[in-house]
Amino acid sequence: MTLSKIFKNTLLVLTACLVLSACATKKEITTGIDGSMQGDVYTGTDTVKYLADGVPDRVFFATNESILTTASRETLRAQAAWLRKNPSINVVLEGHADERGTREYNLALGERRANAAKDYLMTYGISSDRISVLSYGKERPVDSGSNPLSWSKNRRSVTVKAN
Amino acid sequence: MIKKFIALFLILIPINSFALIEVDITRGNLDPLPIAVSPLSIDEKSRKSFEKALKKENIGEEISSIVENNLKTSGLFNPLSKEAFLQAPDIANLKPRFEDWNLIKAQALITGKVNYVDDKLRVEFRLWDVLAAKEMMALAFTTVPSNWRRVGHIISDKVYERLTGEKGYFDTRIIYVAEEGPKTQRIKKLAIMDQDGFNNKFLTLGNELVLTPRFNPTSQMVTYLSYFKNLPRVYLLDIETGTQEVVGDFPGMTFAPRFSPEGKKIIMSFAKDGKSDIYTMDLENRIVERITNHPSIDTSPSYSPDGKYITFNSDRSGYQQIYIMKSNGSDVKRISFGNGLYGTPVWSPRGDLIAFTKLHKGKFYIGVMRTDGSGERLLTENYYQEAPSWSPNGRVLIFYRETKTDNKGEGFTAKLWSIDLTGYNERQIKTPTDASDPSWSSLLSN
């Protein structure tokens, strides 16, 4: 009986640990530059290039995530609208990860991020034949720094004209 | 290069079975065995012939210093200073005066000689137990002179094996990725070198990104990831001929390749629609088999040495963890349960352990666990390091580590490091450029 009690307690402790560590990975990171990060997703514009006037070329992701944020969805809707107006243009979605992961997993993660962006473009009417996907994992950062802000700029999917 | 060495033959192995000196390699060795490596003696005529052929003034001394360096870096031996040696190399090789070697506290002694015979290099060497005043081993072999560094490695392997009871790992090579340039535009090339960092050779020019090279069991083929024409695919390279080919015909990125233990298959990940699954391709009949089928990322597969199981990395639980399964993909079991994320599992050549990279609270660890996930042991902690690869005897791990070179975190250097399974004897392996993704070959001679 005492044994089962111990087990129960251990379980409780374990669950508590799990909850805590889950929280730890999602904690808010504040940076010195105002408004350029939300959670750990980059929201600034200093690395962003433009596909066309008013259409940013990239979207950013949280650590280990491939979920599109509200801002990302807005960017992709603008990209989709522009692509609909320019039906002869095809694109490559280049998926990237930050340096804080193992190389092979990050290759897969970059592919997953680029595909999240691709799926969204497709729901806004862009045919899958016009979109190819290329993952660079952590091999091609835009920012060579080793701090949360640099990493958040590097976790990205960039839409590049293919032709 | 391996074929050239068939001329190797062994003579007279009078090994007596009573207990002589022994080195225990299962524990961290804080008291390495004092060993005297007497320079291989050489007659004047042979010395001149080798000087002409190899541009080395005294090839006997050169080979001895290779042996000395190997034994020292293993952490198990303490080669004594040659200045203290009382007996001349040629006389010591005939019959050591054990009192003299005892006096400088040597417990083991290596002697030998080199000859130039019919344009070949002939070596003989002996290992002596100084305290018991007995010969433990005597070997001789002949090879082409240009193999002189390998001669030093083979002697080291024989001595290591005789004194520890396990095969050595000195006559081996490392394939790795040589790196140059800023982080945002890193140039990467495949490179190969001897285990001690000598004979470095670049295998690609750096025109395209290359990653994660791994040897096949005979160490003549390499599988790796190349971004040739911006199509990331698994490639197969024959080191001798330089021929390369794409592995399989996949409509998307293939990555994380390794050979099966007998070298017949390549196991790798194929990424499609945001999912990565594990596939194999048979190199003889080109048949592709799907091993996992899951909406998660499944990657970094590595076979058990008997080929019956596969360990791999998956985030099917939400985050990166280590799993094992049967080689047909059935009986998937998660084995990593500690705090943090786990990646890059690699099965030990001895079969009993899996080495991995662990990420926890902003640190990277290289560690090992048993194949059921028990007995997790972290060997080394650092800001960033990953990708362990086993020495062929399963006693040492090589990996790579990035170190920041300024406090802003902008400058960095990537180097290869090795550490004993015991957690002791961590050391950097010298490379001409920055380096990553090392893979250790099998023993080239046996």
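Predicted model: local features only at pLDDT ≥ 70, side-chain atom pairs only at ≥ 80, totals over all residues.
**First stop: the two domains of chain B**

Select residues 3-164 of chain B, which form domain 1, and then residues 173-440, which form domain 2. The centres of domain 1 and domain 2 of chain B, taken over C-alpha atoms, are separated by 35 Å. To view where the domains meet, look for 9 residues of domain 1 of chain B that are in contact with 11 residues of domain 2 of chain B. On the domain 1 side, helix H2 (residues 59-73) of chain B gives the most, with 3 residues. By class, this side of domain 1 of chain B consists of 6 polar, 2 charged and 1 nonpolar residues.

**Second stop: helix H2 of chain A**

Move to chain A and select residues 70-85, which make up helix H2. The 16 residues of this helix should span 22 Å at 1.5 Å a residue, and its end C-alpha atoms are 23 Å apart, which agrees.

Next, highlight A:Ser72, A:Thr75, A:Leu76, A:Gln79 and A:Leu83, the buried residues of H2(A). Because they cover an arc of only 95° around the axis, they lie on the same side of H2(A). An α-helix has 3.6 residues a turn, so residues three or four places apart point the same way.

Which exposed residues does the face of H2(A) turned away from its buried side carry? Select A:Thr70, A:Arg84 and A:Lys85 to see them.

Now display what covers the buried residues of H2(A). The covering elements of chain A include strands E3 (50-52), E4 (55-56), E5 (58-60), E6 (91-96) and E8 (156-161), together with helix H3 (103-123).

Return to chain B and select residues 363-370, strand E24. This strand is mostly covered, with 6 of its 8 residues buried.

In the hairpin of E24(B) and E25(B), 6 residues lie between the strands, and B:Gly373 takes a positive phi near 90°.

Key. Residues numbered from 1 in each chain as written. Chains lettered and ligands numbered in written order. Domains from an automatic or database assignment. Contact = placed C-beta atoms within 7 Å. Helix = DSSP H or I, 4+ residues; strand = E, 2+ residues; numbered from the N terminus. Nonpolar A, V, L, I, M, F, W, Y, C, P; charged D, E, K, R; others polar. Expected span 1.5 Å × (residues − 1). Buried ≥ 20, exposed ≤ 12 C-beta atoms within 10 Å, placed from the backbone. Arc of directions from axis to C-beta. Pairing = 2+ DSSP bridges.
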